[in-house]
Amino acid sequence: MAQLIFVSLLTTQQFNNLTTQPAYAKASAGKHFNINKLKERRLAAIMFSDISGYTFLMGEDEAKALRILEKTRNIHIAVIESYRGKLVKELGDGFLACFNSASDAVKCARQILQLTRQDPELKLH
């Protein structure tokens with residue numbers, strides 16, 4: 001299975017603002033918030049993971065797609081927890097997690113990739 005994993009650094013407040021509905025509406029309308037007005041500033045590493053080919057598989061074999069999603073979900077939850085991360089949101093076949101350090105986010109992403117490659121059913125391509 002191919003996982004698409006993206007790691008980015010944001011302040012905690014930026015992340016909270018981006019994951020709330022009003023802020024998302026502002027961002028999608030092209031409006032920006034003023035980072036200098038924020039009271040709390042702390043660096044956070046954000047990891048997003050997505051299953052490559054999942055939508056196609058869902059159309060071909062829904063039962064298999066749901067099994068793969070459940071296996072992937074279990075891997076993500078366990079590995080994110082082991083690297084002191086927080087699973088913030090699940091978006092279909094995507095997972096959004098937050099970490100206090102970039103190194104934990106990258107190590108977590110590497111372990112998720114290694115574990116998903118070990119399961120023959122998770123190899124979609």
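Let's start with Arg 84, which counts as exposed at 61% relative accessibility. Keep in mind as we go that this is a predicted model. Arg 84 sits in the loop between α4 and β3, with β3 covering residues 86–91. Have a look at its backbone, too: phi is near 60°, a positive value in a residue other than glycine.

Now, who touches Arg 84? One partner is Asp 104, which is in contact with Tyr 83, Arg 84 and Phe 99, once we set aside its neighbours within four places in sequence. Asp 104 belongs to helix α5. Is Asp 104 buried or exposed? Buried, because its relative accessibility is 10% and the cut-off for buried is under 20%.

If you turn the model, you can follow the side chains along the strand. Gly 94, Leu 96 and Cys 98 point one way from β4, while Phe 95, Ala 97 and Phe 99 point the other way.

Which strands pair with β4? One is strand β2, residues 43–51, which pairs with β4 in the antiparallel sense over 6 bridges. For a landmark there, take Ala 45, whose bridge partner in β4 is our friend Phe 99. Another is β3, joined to β4 by 5 bridges, and these two strands also run antiparallel. The landmark on that side is Lys 89, with Leu 96 as its bridge partner in β4. β3 and β4 form a hairpin with 2 residues between them. In the turn you'll find Gly 92, with a positive phi of about 65°.

Let me finish with the charged side chains. The structure holds 5 salt bridges, and I'd like to walk you through some of them. Arg 67 and Glu 121 meet through their side chains at 2.9 Å, N to O. Arg 67 lies in helix α4, residues 62–82, and Glu 121 in the segment after α5, so the pair ties together parts that are 54 residues apart in sequence. Glu 121 also meets Lys 71 in a salt bridge, at 2.8 Å, N to O. Lys 71 is in helix α4 as well, so this pair ties together parts 50 residues apart. Then there is Asp 119, which forms a salt bridge with Lys 71 at 3.1 Å, N to O. Asp 119 is in the segment after α5 and Lys 71 in helix α4, 48 residues apart, so to speak a link between distant parts of the chain.

How accessible are its members? Arg 67 is partly exposed at 43% relative accessibility, and Lys 71 is partly exposed at 30%. Glu 121, by contrast, counts as buried at 18%.

Note on methods
Residues are numbered from 1 along each chain as its sequence is written. This is a predicted model: local features need pLDDT of at least 70, side-chain atom pairs count only at pLDDT 80 or more; totals for chains, interfaces and linings use all residues. Side-chain values use heavy atoms; hydrogens and water are left out. A salt bridge is a side-chain nitrogen of Lys or Arg within 4 Å of a carboxyl oxygen of Asp or Glu. Helices (H or I, at least four residues) and strands (E, at least two) are DSSP runs, numbered from the N terminus. Buried means under 20% relative accessible area, exposed over 50%, partly exposed in between (1.4 Å probe, protein chains only). Contact means heavy atoms within 4.5 Å. Two strands pair if DSSP finds at least two bridges between them.
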